[in-house]
Each structure stands twice: as C-alpha cells, then as structure tokens.
Amino acid sequence: VKIRVNGMLRESEVEPRLLLVQFLREVCGLTGTHVGCETGICGACTVLVDGNAVKSCTMLAVQADGSEVTTVEGLSSNGKLHPVQEGFWECHGLQCGYCTPGMIMTAVQLLERNGSPSHDEIRHGLDGNLCRCTGYLHIIDAVEYAAKKGRT
Amino acid sequence: MSVTTENAPKVKASQGYFGRAMKRVEDPRLIKGIATYVDDLKIPGVLHAEFVRSPHANAKIISIKTDTAKKLRGVIGIFTGADVNEKVGTIPCASPIPGGKTPEHTVLAGARVYFVGHPVAVVVAETRTIARDALDLTDVDYEPLPAVIDPEKALEKDSPLTHPELGTNVAFTWSLPGGDVDGAFKEADSVLKLRIVHPRLTPMAIEPRGCAASWHAGESSLTLWTSTQIPHLVRTLLPGLIRIPENKLRVVAPEVGGGFGSKLNLYAEEAVVSHLAMRLDRPVKWIEGRRENAAATVHGRDQIADNEIAIQKDGTVLAIRSKIIADVGSYCQLLTPAIPTLTGLMLCGCYKLKAVRVDVTGVHTNKMSTDAYRGAGRPEAAYMIERLMDLVASELGLDPVEVRLKNMPESTEFPLTTATGLLYDSGNYQHALEKAQELAEWPKLIKERDAARKAGRLFGIGVSTYVEICALGPSKIMAAGGWEWGCVRIEISGKVTVITGATPHGQGQETSFAQIAADWLGVPIEDIVVLRGDTATAHFGRDTYGSRATALGGSAIVMSIEKIVEKAKTLAAALLKSTPKEIEFKDGKFFVNGDGKNALGWGQLASEAYIAKNLPPGLEPGLEASSFFEPPNCTFPFGTHIVAVDVDRETGQVNILKYIAVDDCGKQVNPLLVEGQVQGGIAQSVGAALMEHTVYDENGQLLTGEFMDYAIPRAKDIPDFILGSTETPSPSNPLGVKGVGEAGTIGATPAIANAVVDALSPLGIRHLDLPFTPERVWRAIQEKGGGS
C-alpha cells in the first residue's frame, strides 16, 4: 500500500487483514492512535482519512491505499498546537489521556463541518467517542474554545 | 492555611500556586499523541502473549490440545496450568476476613474453570496476530457443570458449589455490632424496611489492562511495565509469586489510561507474563482486549441489602440493621472482602445514628470477582442511607431535606465518633446543603415540580447529602501500610525534582504536586519536575486509590521541603557568617534577618551543597530529603447533590433536567482539577443510575461483554452540571485537603435515584432498583397503571 500519513508517503507490503490502526502503530510507529475496543465503538482510534473521521480499527490498511491519513501526531504544525489541542489543554479536556487523540480528531472534523456548533451539536458530534474520566463537559468546553479560536 | 496548630506547616506557602486553577503540565505529551502507554513501548525482540479463556462459567477441563497451534510458524510456546501453576505462586487477597474460606487462586486454571474469561492457557508468539491465530487452534474440551449465579440461591442448602472443596459458597461473614441496636429498635416509634439491590458494574477504563516484562539475565532482574494504579504494591506482592527477591524487581506504571479501582489489583496475567519473560529469556507483552477486560478485570458493587430503620415520629433516625449479601464472584482478589465492610462502616452517612448493626455475607458465584470500583463500598453505603432517609420522609409525610437536617451533627460536634466507630474529622454538612439549595434555586424548583405534576408530568427532585472516607489511611487500618512517601531534590543547578510514591494516572498530580512544591520552596513552577510510577525512582510508595494521593502524597512532599529548608538555613548561615536561627526564608531566598540584599537563592545554595567546599562542620553535602507521611486519621469529604428529572410516561426514559453538586473536599490545590474529578465522578454515576448493569445469564454467560452491550455514558447522556464547593479543611494533614477522586460518584447515584423515585411517587412507587433504564421504569409505570 501507499498511504500518505501526516504528509509523508509510507509504502509497505501488508497482509490483507492488517487494520489501518495496526499499520499506523506498528508499521509507521505512530502510537498516538490508541485501541480501546476493536469494535468501532469507543473511538479511541479515530483518525482522518481524506478529511473524514474514521475509526481506524474498523478499516483495513489496504482500504486506505492511496489515501491521505492524518493522525494526532500530524495536527500541530511548526511546533504550534492545533486549536483543538490547545482547547483540550486550556479547558482540562483530558485526564488519563487515552481517549484524547481520537476525541481530538473527531473534534477537528466536527469543527471543519460546523465552525460554531452549539453544545448540543458538540455532544452529537462526539457521540462516537467514549471517555470514562472527564464526564465530557470539559471536552465540550475544549471544542467550544477551539471553535472560538478558529473564528478569530 | 487554616489547619490545626499541631499539623501546621513550618514553611509558609508563597506565590499563590496552591489553590489556583492551572492547566496541567502533563497534557502536552498526551494531546500530541507522544505519551507512552504500555502498548506503546518499543521493546526489541518482544514476544506477544494471548490467553486462552474459558467460555463456560463452571466446567471441568477434560483436555487441552495444543499440538496444531504449536506447529503454527511463529508460535514460541503454549503453556497450561499444568506447565505454570507449580512454578508460580497463587494470587493473594490482602484483606482476608478471619474465618473466611479461600479457594486456591492459581494463575491459570487447574482442573476446573470458575468463570467466563478464566485464563486456561497462554500462547506466546512472535506477533500478536500469530498469537491470536494460535488461540483459535487451541482446543480445550470442557465438561460444563451447573453454574452458581444468584448469590441468594447460592446460600440455599441444595445449591451447587462454586468451589466444592470449600464445602460452602460462603466466602466470609463479617459483623459490625455498632452500639445498642436492640435498645434503639425498642425505643423506636416505628420500623421501616427496604430491600436495596445494588447492581454489578464494570469499570471499563478506556485503556484495557496490559503489561510487558523484560528479564535481564546478566543482573538476574526483571522489569515489569504494567497498566496499574499500584506499582509499589505489585512490587511488594509479585516477588513471592515469581520467586525472585524484591530488590530484583522493578515495576513501572507508564502512562495509565484510567483505572477507577480496576487496576488496583495484582492480576494473574501480570504474574504469568513475568514468569514467561524469565522462563523464555525474552521480553513478553500482553495487551488485554475489550472483551477480556469486560470478563476478566474486576467488577464492582453487586450487593443486596435488607435494611431495617428505627425511627421516631418526628423524623429522628435511631438505628439501622442491615444484612448485606455481597456477590464476590469466583475468587477474592486483592481487596474483595474489604469493599462490603467499608459499606458497613460508612452506613451512618452524615447522620448521628445511635446504633448500626451490619452483617455482611460474602458469597462465591461463578462470575468475575468484585473488588474496588470508584468509591469502593462507599457508593453502596451512601445509596442505602440516602434512599432510607427519603423513605423515612415519605413514610412520615415530611420534607426529605428537613429529615436530613434533623439528623445531622452540627459543625461544632466534630471530630465526631460514629456508631460504626469511625472518627469523622471535620464537617459542616448544613452549609453544603444550604449552598446546593441556593444554587438549585430551591423554592423555584419546588414550584416547578408542583406545576409539572399538576400538568400530569412525572417530575421529581432528589437530594443526597453524603459523606465519604478518603486519604486511606492510617497504617493501622491498611493491610500493607497506609503512609505515603515523597522525595524532594534540589539539583546542583537549582532545578527541583519531586518524586512521589503515589502513582497518579490521570488525576493530574504532576501539576498539583508541582504547585505545592513551587509555593513551599518559592521557586517558579517551570523549574519543577514531578516523577512518579517507577519503583526504581520512587523508592517507596503506597500508590493511588481511595482518593489518597494529594492528602498523603502531597503532605510527604511538604514534610520533605521542611527538612530541606532546615538544612539550607544551616548552610546559608555558614555562608552569610550568621547562625541558622537568624536566617529568614522567604520567597525562595535565605537571608539574615532584615538583610534582603545579601540573600542566597536555591541555585547558589544547591551549588554550594553539592560542590561542598564551604560546608560547615558536620553538614552533609547535598540538598535532598525524603519523608514518609503517616496520617493520624482518614479524611471525610462530604457534600450535597440535588437533581431534577423528568420521566417520560410513554417510554420510561429519564431525563436529567438540572444537576447541582456542592462538594467539600477541604482545601483545593487546583480547583480546575477538582472540577474535572467531580464531573467525571458524577458522569460515572449517571451511567450507574441510568444505564450500566453487568449481566450474567442463568448459565453464567456474560451478556455485557463489550461496549455494544454494556452502555457507558456518551456526551449526549451528560447534562450540564452546576457545581459549587465549600471548604472545611481536614485536620488530618498539613495541607488541609480531603480528597475528591470519588466524591462525584458517591453523591450522584442516590441523588438521581431519589429524584426518579420522587418523580414516580404520584403513581405509588416507593422504591425502584438501579439502573433506571427506560425498560425498567416503563415496566414500573405499567404495573401501577400509570402509562398514558
């Protein structure tokens, strides 16, 4: 497969059954994308594939052949945090941090589609990502922070 | 700091980091995806382990065929109980009850399996994929036996036995005769009864468990990286199992993705992986899958309590009798028996009861063990006493708030000895209640409910006034010591390294401990690094559970700083040609009284302390101190939660309209982190109250084996909370903090339950068991003919 990951072309021969998340973690060595359930429910493995938030534990690496993939490691540019990352930091949007990369990637897509979401729209947008620590409220604050930042 | 004189710190805090809401220093690595959880470790030559697990709740193992699997390319070996159990010790229970019966808990199943998920064999292979393929090729032949599932039926004479060799399903019994219970019941105007079932819950940390072990043959030592809350307790317990000396074992808890009590254990997999790394002389890693996590990581709660409460006409509560059946599952894990006993000890809640009698029967069933889950015994107690207080109010036609106020101690009555023998350190329960009512706009809320009821809606308000026990706790009540350790080192450059024996795993103490150290030392917070979670650097520790890390770990840091300041004064006196008594310490500077111009900072003193050319006679080089903080007592945080709900008659759906929580955790080091703990705690109880329930069918098959079947709250399930706090410092530690990790979870379930029952009360419903799923609520409404 040839997959462009965070702007870098990765070419590798893979088993047909290799999951995208395994490709990212084991072949590319990008361990920021986590595995929480392997059934596509928890969302810890969420990455962007051609701009769409995808649960990388339910997609095969071969399905991503020719795609552009963005993981949490590829979000900041020139050492500057992405507004969503900044929001999570400023608003205490994480505790153990395990769900955070997936949560951040989902939030990035959410804000790309809707630059000024309401609380309910944020809740709806994060429906596919589970967090057991925060109770979500600071995550909602974080997304709102990023939305405001994006507008200014 | 308003703490008792006895414990008041000698060094005054400056700069105001303590008490300030600050973002966390640990976050950058986590939000950039460059933190290291166990599965992220890159260990050269690592092998992968996968466990063959029982699909049956109770069965004899007839045979285990591994030949085909072993032939698979890349399989290093497959090991069964017969290969491993003789060479590895048994899994310990650290809190056995005298007289209890303990089955031998081998790391892999022997002749029988006792629960779905019981590890039967372990496959080791070059890759995880090969190991999983080999799992499928391993053929275990079982003879299924009748499963013991219902803990009450398990106590009947003709019940099958979970562990036949014990001759009973009773794991232990424990009684708390607290005061003259019979006298109190005789004195009572009436006695009310309520049976309360607290369902089994699954902790479901988003990062499952996992561990990796590496054997260093040259040194005959082992490093174990494990997703645990308790690396130090693992280092205490594991050497006996894998038969190496304690000082040949290093345990590291790297980044840990949530614990909630479920990683407060020594698990069979940790022992097996360690053993295999030594046996094969290759590093071995095991990462738990979600289904394994749901089946074979400890569960929580699961108590049935038959309660009697003795009351007076005016709402005075005299005494409680409670018979608790605790379904402990197949084995007693590390703290299994301690959980229901903690329920008994906390059953007074925040009320002045004369007497309490608690009889706990722990029952073995063919299920996963229950053990600590966020709150660990206290949520059950708070739920019981708070449901009972509402029952008293409804029976006597009194206001539930009035009944609570009538039975609360005044703030001047602390320290207060309870009927169960605990010494509540400090409290002002009325103040928290008052503040919560204010935030809830109480009179308006009551009017809103009454109007909604008139309009035919099922609208309810619930209150819980809770107290919990934290900062566990003095060594006299803890099996392996209840102190905490901390070390502070002023490096030669003047930078500060703080090492804590508490093992934060998401709570944020890398930040809050830096805040404490920065203030007490008078240095910029950026100069401080907090290390944790590695027994090679944190030489001692009792780790993080029971909301203990800040109260105890933070205090050990303050103690160490006081020692360093004393030493630095001696050094400064020599350098400034003065005496230690004349040296003043303020804002990180040491100077002779009044002479701020010739002040010495930490950088200069550290340099002198380590280069050691100008030390006064008798003063050791270096600027480092470590301390064990032994608390005189536990702490007792408290608060009030108020909830308003609306129940949909048609669907049984419960909607939380308003949620107010006022928590008092004593002094707050970082209010932002406190808020995060409270929010997360409440959210877990929204789950427990409305959706979560671990279910085994009548054959012992686990029906809630993954997120598809075990619902935990999503963002849309959590309403906005209105949070407040009051501050009653604890006299039990120099920081005055009480702990807040579990408060939200403890206060929330009863408040939500009381609101739901209040909403359903016009239909004549007086109690309903958790969880209030739409189906359960709808059925209750239908039974009372309350559907529309």
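User: Which residue follows helix 6 of chain B, and near what value is its phi?

Analyst: Helix 6 of chain B is followed by B:Arg243, which has a positive phi near 60°. The model is predicted: local features need pLDDT of at least 70, side-chain atom pairs count only at pLDDT 80 or more, and totals for chains, interfaces and linings use all residues. Residues are numbered from 1 along each chain as its sequence is written, while chains are lettered from A and ligands numbered from 1 in the order in which they are written.

User: How do you know that helix 6 of chain B has the reach expected at 1.5 Å a residue?

Analyst: A helix is a DSSP run of H or I with at least four residues, a strand a run of E with at least two, and both are numbered from the N terminus. The expected span is 1.5 Å times one less than the number of residues. For the 12 residues of helix 6 (231–242) of chain B that gives 16 Å, and its first and last C-alpha atoms are 16 Å apart.

User: What makes helix 6 of chain B largely enclosed by the rest of the structure?

Analyst: A residue is buried if 20 or more other C-beta atoms, placed from the backbone, lie within 10 Å of its own, exposed if 12 or fewer do, and partly exposed in between. In helix 6 of chain B, 10 of the 12 residues are buried, and the helix is therefore largely enclosed. Among them are B:His232, B:Arg235 and B:Leu238. These buried residues pack against strand 10 (221–226), strand 11 (249–252) and helix 7 (268–280) of chain B.

User: How do the 13 residues of helix 14 of chain B compare with the span they should have?

Analyst: Helix 14 (509–521) of chain B should span 18 Å, and its end C-alpha atoms are 17 Å apart, which agrees. As for burial, 13 of its 13 residues are buried. B:Gly522 follows this helix with a positive phi, near 75°.

User: Why does B:Val645 count as buried?

Analyst: B:Val645 has 29 C-beta neighbours inside 10 Å, and therefore counts as buried. B:Val645 belongs to strand 26 (638–647) of chain B. Two residues are in contact if their C-beta atoms lie within 7 Å; beyond its neighbours within four places in sequence, the contacts of B:Val645 include B:Gly460, B:Leu657 and B:Val756. B:Gly460 is 185 residues away along the chain, yet the two C-alpha atoms are separated by 5.3 Å.

User: What makes strand 19 of chain B mostly covered?

Analyst: In strand 19 (484–490) of chain B, 7 of the 7 residues are buried. In a regular strand the side chains alternate between the two faces of the sheet. B:Glu484, B:Gly486, B:Val488 and B:Ile490 point one way, B:Trp485, B:Cys487 and B:Arg489 the other way, and all are buried.

User: How do you know that strand 19 of chain B runs antiparallel to strand 25, and by how many bridges are they joined?

Analyst: Strands pair if DSSP finds at least two bridges between them. Strand 19 and strand 25 (624–629) of chain B run antiparallel and are joined by 6 bridges, with B:Cys487 as partner of B:Ser626. A further 5 bridges join strand 19 to strand 20 (496–500) of chain B, also antiparallel; here B:Gly486 stands opposite B:Thr500. Strands 19 and 20 of chain B form a hairpin with 5 residues between them, and B:Gly494 in the turn has a positive phi of about 95°.

User: Which strands of chain B make up the open sheet of 5 strands, and in what order?

Analyst: The order is 7-15-14-13-8 in chain B, with mixed pairing. Strand 7 (170–178) and strand 8 (190–201) of chain B are edge strands because each has a single partner strand, leaving one side of each without a neighbour in the sheet. Strand 7 pairs with strand 15 (355–364) of chain B in the antiparallel sense over 8 bridges, and B:Pro177 stands opposite B:Arg357 in strand 15 of chain B.

User: Which residues have the most contacts inside the largest nonpolar core?

Analyst: A nonpolar core is a set of buried Ala, Val, Leu, Ile, Met, Phe, Trp, Tyr and Cys residues joined through C-beta atoms within 7 Å. The largest has 310 residues, and B:Val123, B:Ala517 and B:Val756 have the most contacts inside it. Helix 15 (549–575) of chain B supplies the largest share of this core, 13 residues.
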